[in-house]
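My entries are below the display.

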Amino acid sequence: NENKICIKVFDNGKGIPAELKDKIFIPFFTTRTNGSGIGLTFARQVMVMHNGTIEVFSKENEGTVFVLSF
């Protein structure tokens, strides 16, 4: 949409496995031993509060892209 500002955040890490991609925004879900699982949940809440969206695109062994649209 021409009226939106989008920020794309890329990485070249190991990617998110397909079976986990639907869970990463669930509160307290984490794959880390020391993680709290609230970071992405909080990010999505902030985006929604500002009438925005956050999307994730990921391929294993290639990396991940988060798209924030305002």
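These are my notes, in the order I looked things up.

**Ground rules.** I am working with a predicted model, where local features need pLDDT of at least 70, side-chain atom pairs count only at pLDDT 80 or more, and totals for chains, interfaces and linings use all residues. Residues are numbered from 1 along each chain as its sequence is written, and side-chain values use heavy atoms, with hydrogens and water left out.

**Confidence.** I checked pLDDT, the predictor's confidence in each residue, from 0 to 100. The chain has a mean of 94, and 99% of its residues reach 70 or more. Confidence is lowest in helix α1 (residues 18-21), at a mean of 93, and highest in β3, at 97. I keep one caution in mind: where pLDDT is low, predicted coordinates should not be read in detail.

**Sheet.** I took helices (H or I, at least four residues) and strands (E, at least two) as DSSP runs, numbered from the N terminus. Strands count as paired if DSSP finds at least two bridges between them. I found an open sheet of three strands in the order β1-β3-β2, with antiparallel pairing. β1 (6-11) and β2 (53-59) are the edge strands, each pairing on one side only. Neighbouring strands are turned by 15° against each other on average, direction ignored. For angles, axes are lines fitted to C-alpha atoms, for helices over the stretch in contact, and values run from 0 to 180 degrees between N-to-C directions.

**Pairings.** Six bridges join β1 to β3 (residues 63-69). On that side, Phe10 stands opposite Val65. β2 and β3 pair over seven bridges, and here Ile54 faces Leu68. Their hairpin has three residues between the strands, and Asn61 takes a positive phi near 65°.

**Burial of β3.** I used these classes: buried is under 20% relative accessible area, exposed over 50%, partly exposed in between (1.4 Å probe, protein chains only). Seven of the seven residues of β3 are buried. In a regular strand the side chains alternate between the two faces of the sheet. I then checked both faces of β3: Gly63, Val65, Val67 and Ser69 are buried on one side, and Thr64, Phe66 and Leu68 on the other.

**Helix α2.** Helix α2 (residues 39-49) lies across β2 and β3, at about 140° to β2. Contact here means heavy atoms within 4.5 Å.

**Arg32.** Is Arg32 buried or exposed? Arg32 is exposed, at 66% relative accessible area. I located Arg32 in the loop between α1 and α2. Arg32 and Cys6 are 26 residues apart in sequence and 29 Å apart in space, C-alpha to C-alpha.
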